[in-house]
Amino acid sequence: MPKEQNEKEKSRELAPTVSDFSTVAIRKARRRHTVEHWATRYSAVPFALSVLGSFLFGFSEMAFIAMTGTFGLACFPWIYIYYMKADSFEHKYVEKLQKQIQRETERKRENLKHDLASLGCPDGAMQMDKLQAKFNSLDELLLDRLDPQEITFKRYRGIALEVFLSGVDNLSAIVSALKSISEIDEVYIGQKLKQLRSSADTD
């Protein structure tokens, strides 16, 4: 049980949150992607070599031209990836977050269904249906008001998915509590109560 719980907690930590869909988080991810991109890293090598050469062999007009040219070369991938490819990256980034949440939600929904069936809990199943219905209504509203190809639609849908996943998490926590209660040994508790009564009568 502890191992399974740790795996669930780890999985939840890896799942995106509402804050991951904010413009600030997307901008940070874009900046990180640009810095870590191979074109950005390798284009900086000639500039670094030209600077090193000017220190080793002395600063000259040729060294200045080399530094200027290689600096421009180093800046080009940054401008192209960070600014010119911004829309493409943001769409792919948000879609990736959505897929991660959908996978996590489906996994938890299946586990929740199984647990609700084993506990014979119709109220929990009803709450699950209501939660699903609310998400479907919100999804239809977003489709009606926004263009599915726009980044705004994808951001809001990602946030809705995260809220839906939080609702599933809450139901899962309730189910876990019900399972813990159902596992209590009634016979053992009865024996302990009898012992307490006997001790009280003796006193």
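**Exercise 1.** Find the side chain with which the side chain of Glu-90 makes a polar contact, and describe the surroundings of Glu-90 in this predicted model.

*Solution.*
Step 1. The partner is the side chain of Arg-30, at 2.8 Å. A polar contact here is a pair of N or O atoms within 3.5 Å; within protein, one must be able to donate a hydrogen and the other to accept it, and residues adjacent in sequence count only if both atoms are side-chain atoms.

Step 2. Leaving out residues up to four places away in sequence, Glu-90 touches Ile-26, Arg-30 and Ile-151 (contact: heavy atoms within 4.5 Å).

Step 3. Glu-90 counts as buried because its relative accessibility is 16%, and buried means under 20% relative accessible area (1.4 Å probe, protein chains only).

A word on the ground rules: the model is predicted, so local features need pLDDT of at least 70 and side-chain atom pairs pLDDT 80 or more, while totals for chains, interfaces and linings use all residues. Residues are numbered from 1 along each chain as its sequence is written, and side-chain values use heavy atoms, without hydrogens and water.

**Exercise 2.** Now step back: which residues of α2 meet which residues of α5?

*Solution.*
Step 1. Glu-90 lies in helix α5, residues 86–119 (helices are DSSP runs of H or I, at least four residues, numbered from the N terminus).

Step 2. From α2, Ala-25, Ile-26, Ala-29, Arg-30 and His-33 meet Ala-86, Phe-89, Glu-90, Tyr-93 and Val-94 of α5.

Note on methods: Helix = DSSP H or I, 4+ residues; strand = E, 2+ residues; numbered from the N terminus. Buried < 20%, exposed > 50% of the residue type's maximum accessible area, 1.4 Å probe, protein only.
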